[in-house]
Amino acid sequence: AFFFLVFFVVFISETYRVIYTRMLLEGRVYSRVDTSTLTYLLRLKKWKKVSLAYLHYNIRLFLWFFTLVGLPVKFYAYSMVRYILAENPSLTGKQAMALSEKMMKGHKWEKFLLDLTFIGWDLLSYLTGKVLGVLYVEPYKEATKAEYFVCIRELAFENKVEGIELLNDRYVYEKASKEAIDNAYMDIISVMKEPDVELPETSKVRAFFQNVFGLVLWYDKKEEEYRKVTTAKAAIDSYKYCVSGEEYPARLSPVGVAKTRKSLEHMDYMRHYSLSSLASIFFIFCIVGWLWEVVLHIIQTGEFVNRGTLHGPWLPIYGSGALLILLFLYRFRKNPWLEFVTSIILCGVVEYFSSWFLEVTNDGIRWWDYTGYFLNINGRICAEGLLVFGVAGISAVYFIAPVLDNNLEKISEKIKAPIVLVLIIIFIFDVIYSKLNPNVGEGIAKYALSVINNTMPYYW
């Protein structure tokens, strides 16, 4: 559990702070930031490098903690590291920290005073159970800090700070000329002028399931032809905002984003999923969700508890949520904000009904309880949990599910189908057995029964 936590913090949580910062910097100048920016470091093959650079930064700060006086000084001296790595992920942690120190010379107290101005906003965030923080305060703070970095960067160029030439991504801070864009995207512009390729014809029944649910029974030649057409169209569409100047022109990046852009062509999120892929995705989400909750519980309490209502290593609510979002929200997929809102509503309904159904059918036992959480409804759902579901939902739709589907396609149906069939059979037996013998063993029973008796707080 400890090593899982370390891996998550170093290679995912902290690294995504750099990606988030990159999105903020691009969003200052451009009206649109593409969802592909979430894979910015993967496309550059710099994920590991940035993770280790940021780890170096955190270790250095941790060591400065033991000097007490040196910690606040170095905290502000290194405060530009994240922004430096967001602009130039090719730098090492040592290079980024050295440059940050030079840029912040004479500005550390100024940055401290800036941070003090957020105290009132932080208080409002805590008073609303951090809901206001998620929706407004944190984005506001981060956008302000990004703007401050831009000011410090400009001063560093004016004062010719040593090493400032390493920050050379010009078009993050200003829009490229039409001539520069036309030269960089000449091939894309010529393809855009060509008429669209027509999609293959199909039966009315098949078309209904494809257009409403994004579902096909299995992959065949028609689906293969459809995938080729939509993939090619998605690849061209991914450039149209760059060409119009509404989005950062990746081909003009000094670190070579354009060289790896083709790897995104198979990330088409408007794809159709086959029944075998959906079944596989269901079990993957169920098992990963179970692992997540079990490991989180071990970290929090030091105890292993088989989470959920079933006895097997899976939590159906995770897999069911993923399938419902992929199928029933297919028509909203072209609009990420609408997908986010509808994911929150759908997951809220599913979680509330699941909580009610489990309680009614298992003598009042609850497997989770949000009583005391901000904006909770009967302890079954809460605002904080729904926001997490919303973020997880759009992550599944635009990134996780397409990646899983790409890899599942590589597995022969002769191998995949029997595995899925066996898992379904085991799962059905587990559901039947767990209905007769609910999973309320050691850990689960202690927490669940204590809620009924009001003897101790419930652990979610």
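What share of the 460 residues in the protein chain is buried? Buried residues account for 45% of them, where buried denotes a relative accessible area under 20%, exposed one over 50%, and partly exposed a value in between (1.4 Å probe, protein chains only). The structure is a predicted model, in which local features require pLDDT of at least 70 and side-chain atom pairs count only at pLDDT 80 or more, whereas totals for chains, interfaces and linings use all residues. Residues are numbered from 1 along each chain as its sequence is written, and side-chain values use heavy atoms, with hydrogens and water left out.

The secondary structure of the protein chain consists of 19 helices and two strands; helices (H or I, at least four residues) and strands (E, at least two) are DSSP runs, numbered from the N terminus. The chain is as compact as a globular protein of 460 residues, because its radius of gyration of 25 Å is close to the 23 Å given by the globule rule. That radius is taken over C-alpha atoms, and the rule is 2.2 Å times the number of residues to the power 0.38. Along the principal axes, the C-alpha atoms fill a box of roughly 75 × 65 × 35 Å. Of the contacts (heavy atoms within 4.5 Å) with a separation of 6 or more, 72% join residues 24 or more positions apart.

The protein chain exposes about 24900 Å², of which carbon and sulfur atoms supply 67%; accessible areas come from the Shrake-Rupley method with a 1.4 Å probe, and for residues only the protein chains shown count as cover. There are 50 positive and 46 negative side chains, and the centres of the two sets lie 4 Å apart. Lys and Arg count as positive and Asp and Glu as negative, while His and the chain ends are not counted; each charge is placed at NZ of Lys, CZ of Arg, CG of Asp or CD of Glu.

In soluble globular proteins, nonpolar side chains tend to be buried together. A nonpolar core is defined as a set of buried Ala, Val, Leu, Ile, Met, Phe, Trp, Tyr and Cys residues joined through side-chain atoms within 4.5 Å. The largest such core has 54 residues, and Leu 25, Val 81 and Phe 149 are among those with the most contacts inside it. Beyond its neighbours within four places in sequence, Leu 25 is in contact with residues including Tyr 83, Ala 86, Phe 149 and Val 172. Another core, of 25 residues, lies apart from the largest one and includes Phe 285 and Trp 314.

Thr 21 lies in helix α1 (residues 2-29) and is buried, with a relative accessible area of 0%. Not counting residues up to four places away in sequence, Thr 21 touches Arg 82, Tyr 83 and Ala 86.

Most residues other than glycine have a negative phi. Lys 45, although not a glycine, has a positive phi of about 60°; Lys 45 is located in the loop between α2 (40-44) and α3 (47-65) and is exposed, at 71% relative accessibility. Lys 160, also not a glycine, has a positive phi of about 50°. Lys 160 is found in the loop between α9 (131-158) and α10 (178-184) and is exposed, with a relative accessible area of 72%.

Exposed residues also occur in helices. Leu 436 belongs to helix α18 (residues 413-436) and counts as exposed at 67% relative accessibility.
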